[in-house]
Amino acid sequence: MANKELVDYFNRLNGKTVSPSQIKTGNKQLNAEVISAIKKNGVDSEGACKECVFFGDKKVFAMLKSKLPVKKPEAFNELTDANGLVNLNQQLINEGAKIAKTFCKFYSNQRIIEIQERFYGSEISIANLQTFSKKVLGFEFYPNTSISAENEKKLGKEIYKYNLSKQKLMLTLPQKCYDELFNTFLILNRHGLKFFDNHSGNILVGEDGFTLIDLDYEQWLSGGMKKPYDFNSVVKDFLFPFSSADLFCDYLTNGQIKEFNKNNVEIYKKLIDAVSSFGIKIEIETIKPILTYAVGTNLLNEKFNYIFDSQNRIKNK
Ligand SMILES: Nc1ncnc2c1ncn2[C@@H]1O[C@H](COP(=O)(O)OP(=O)(O)O)[C@@H](O)[C@H]1O
Ligand SMILES: [Mg+2]
């Protein structure tokens, strides 16, 4: 947890345009770390739009920076609600949402910068082939550029290795972690907040469970808040990201896909158990496409009763 000095410090940066030379605090060490994280070229992790640098004592902070330089006026519009963002984020956390704590958002060095509490974990399965190929092959691979057979094989092997290791981790997590994640979707929904960018790259998993990242606070704060959706839509949003282990199936063998499907039987049982633990009855027909994709038609038929067992104990409301 951040101490008071740190929170005060980040509060001073919040919503402002600051140049590294303006960043001053009693905490010299942190000051230097923030500045060097702002100026750093290399990244620790990246998504499609933002890059991420870990910094601070024991690297407990994650600094998100827009990848491309952004002009000031545009940044200002985005930043006018920086306080609203921090407050909404804190309110959701207070209610029990497993989301990354956001300390502040400001503009510096031509980037929009957000400082969050670092979550120790990574995406539940590879969602972005460009960034992943950059990491494993050293260059960005686009589906319509050619790639050597050797590199293709290497990419496939690494996708398999990564996704399998995350499945294995998820299989060891207690049911509580799945319940907490579903509860997070329910909390967002209670506020009429949809998890717009809902894919496997925006759910991180670690030894302590799951967290949602990349929430669209701006869209919510600028009027994107609506009435809660029906529970079944929330269930669909919750189940969908876990079905993507074989998203890049062109690079995987049939045997590897089968292994993912088999693991998904157990993972989906836990996901369905989580929904059931909140007393929510699922409209099975509407989620069948997700399940079929996640475990395959044959295995779904075979394991259907096993996966949905907990639903039998719920009465229609
Ligand atoms: N709080 C955090 N803790 C640890 N890693 C994070 C955190 N927030 C983001 N990341 C990492 O940075 C990447 C990019 O962040 P994200 O907000 O998803 O940006 P994008 O809009 O580019 O998808 C994520 O995929 C993840 O690897
Ligand atoms: Mg993302």
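**Ground rules.** Residues count from 1 along each chain as its sequence is written, while chains get letters from A and ligands numbers from 1, in the order in which they are written. As the model is predicted, local features need pLDDT of at least 70 and side-chain atom pairs count only at pLDDT 80 or more, but totals for chains, interfaces and linings use all residues.

**Entry 1: domains.** I looked up how the chain is divided, and found domain 1 (4–117) and domain 2 (122–313). These bounds come from an automatic or database domain assignment. I noted 28 Å between the C-alpha centres of the two domains. Next I checked who touches whom: 16 residues of domain 1 are in contact with 19 residues of domain 2. In contact means that the C-beta atoms of two residues, placed from the backbone, lie within 7 Å. On the domain 1 side, helix 4 (residues 82–94) gives the largest share, five residues. That side has seven nonpolar, four polar and five charged residues. For the classes, Ala, Val, Leu, Ile, Met, Phe, Trp, Tyr, Cys and Pro are nonpolar, Asp, Glu, Lys and Arg are charged, and the others, Gly among them, are polar. Helices (H or I, at least four residues) and strands (E, at least two) are DSSP runs, numbered from the N terminus.

**Entry 2: ligand 1.** I counted 18 residues around ligand 1, and the closest are Ser45, Gly47, Cys52, Ala100 and Asp214. A residue gets in if its C-beta atom, placed from the backbone, lies within 6 Å of the molecule. Strand 1 (45–46), strand 2 (50–55) and strand 3 (61–66) each give two or more residues to this shell. By class, I wrote down eight nonpolar, five polar and five charged. Where does ligand 1 lie relative to domain 1 and domain 2? Both domains give residues to the shell, so ligand 1 lies between them.

**Entry 3: helix 7 and helix 10.** Two packed helices are described by the angle between their axes and the distance between the axes. The axes are lines fitted to C-alpha atoms over the stretch in contact, and angles run from 0 to 180 degrees between N-to-C directions. For helix 7 (residues 175–190) and helix 10 (residues 254–277) I got about 60°, with the axes 8 Å apart. This pair is therefore oblique; under 35 degrees counts as roughly parallel, over 145 as roughly antiparallel, 65 to 115 as roughly perpendicular and the rest as oblique. From helix 7, Gln175, Tyr178, Asp179 and Phe182 meet residues of helix 10, including Lys270, Leu271 and Asp273. This contact has five nonpolar, two polar and three charged residues.

**Entry 4: helix 6 and helix 10.** I went back to helix 10 for another partner, helix 6 (residues 149–172): the axes come within 10 Å and cross at roughly 20°. Helix 6 and helix 10 are therefore roughly parallel. Tyr160, Asn163, Gln167, Met170 and Leu171 of helix 6 meet Gln256, Phe260, Asn263, Glu266 and Ile267 of helix 10.

**Entry 5: helix 9 and helix 11.** Helix 9 (residues 231–239) and helix 11 (residues 284–295) cross at roughly 5°, with axes that come within 10 Å. This pair, therefore, is roughly parallel. I listed Asn232, Val235, Lys236 and Leu239 from helix 9, and Thr286, Ile287 and Ile290 from helix 11.
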